[in-house]
Amino acid sequence: MKTLRTISLIALAALLFIAVGCEKEEYAEPPVYGKIYCDKEHPVVGDTVKLYVKIDKQGNRINSAEYRWKIRNDAGTSEFSQRFFRNSGQKSLTAQPTLTWVVKDWGDNYITLTATFSYTMGDVNSVMKGSAYVSGTIKTYSK
């Protein structure tokens, strides 16, 4: 009986060590973006609007991000670049990508955001950099 209890205690301790050892390892990873949307439902020429990117999955261990926006329409292409850093004490940069934009032409505006990241630790492949991409269309109207 005493041997059975000893074996049971050893088995229980082994299961406990296995459960503790199964803790998920932490890695850096880029966010997953959803769609681009505008803060105004019916933007017209001359309006100053904010473009937002929906974040479907927050990234992890992002130290800095560079956002490169491109807005292409019949009048040409506009490009904007922004750089952000995580705040001291934060584990990761979590800010939602946004762009303040003045509508200059009416019609369909094809928008892309290419984001590149540097991490505070490696990803699953020990890489210290990552990226994400999203595109969308915003229709603007004449006055």
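Predicted model: local features only at pLDDT ≥ 70, side-chain atom pairs only at ≥ 80, totals over all residues.
Reader: Which strands make up the open sheet of 4?
Author: The order is E4-E3-E6-E7 with antiparallel pairing, and two strands pair if DSSP finds at least two bridges between them. Strand E4 (76-85) and strand E7 (129-140) are at the edges with a single partner strand each, so one side of each has no neighbour in the sheet. Neighbouring strands here are turned by 15° against each other on average, direction ignored; the axes are lines fitted to C-alpha atoms, for helices over the stretch in contact, and angles run from 0 to 180 degrees between N-to-C directions.

Reader: How many bridges join E3 to E6?
Author: There are 10 bridges between E3 and strand E6 (residues 107-119), and the two run antiparallel. Tyr 67 stands opposite Ala 115 in E6, and Ile 62 has Tyr 119 in E6 as its bridge partner. E6 also pairs with E7 in the antiparallel sense, over 12 bridges, and Thr 112 stands opposite Ser 135 in E7.

Reader: Switching topic, how many cavities turn up?
Author: Searching the whole structure gives 1 cavity of 30 Å³ or more, and about 50 Å³ of space lies in the largest cavity. On a 1 Å grid over the protein atoms alone, a cavity is a set of points where a 1.4 Å probe fits but cannot get out, whereas a pocket is an open set with protein on both sides within 12 Å along at least five of seven lines, and lining residues have an atom within 4 Å of a point. Grid points are joined across faces, edges and corners, and a volume is the space filled by probe spheres set on the points.

Reader: Which residues line the largest cavity?
Author: Among them are Pro 31, Tyr 33, Ile 62, Tyr 67, Leu 93 and Phe 117. Strand E3 (residues 62-73) gives the most to this lining, with 3 residues. By class, the lining has 9 nonpolar, 3 polar and no charged residues, where Ala, Val, Leu, Ile, Met, Phe, Trp, Tyr, Cys and Pro count as nonpolar, Asp, Glu, Lys and Arg as charged, and the others, Gly among them, as polar.

Reader: And what about the largest pocket, how much space lies in it?
Author: About 170 Å³ of space lies in the largest pocket, and its lining includes Ile 71, Phe 80, Trp 101, Lys 104 and Asp 105. E3, E4 and strand E5 (98-102) are the elements that give two or more residues to that lining, and E4 gives the most, with 4 residues. The lining divides into 5 nonpolar, 4 polar and 2 charged residues.

Reader: Last one, where is the place of Tyr 37?
Author: Tyr 37 is in strand E1 (residues 32-38), and it counts as partly exposed because its relative accessibility is 31%.

Reader: Which residues does Tyr 37 touch?
Author: Leaving out residues up to four places away in sequence, Tyr 37 touches Lys 50, Leu 51, Tyr 52, Val 53, Lys 54, Gln 96 and Ile 138. Tyr 37 stands opposite Tyr 52 in E2, and 5 bridges join E1 to strand E2 (residues 48-57), with the two running antiparallel. The C-alpha atoms of Tyr 37 and Gly 136 are separated by 7.9 Å, although these residues are 99 residues apart along the chain.

How values were computed. Residues numbered from 1 in each chain as written. Heavy atoms only, no water. Buried < 20%, exposed > 50% of the residue type's maximum accessible area, 1.4 Å probe, protein only. Contact = heavy atoms within 4.5 Å.
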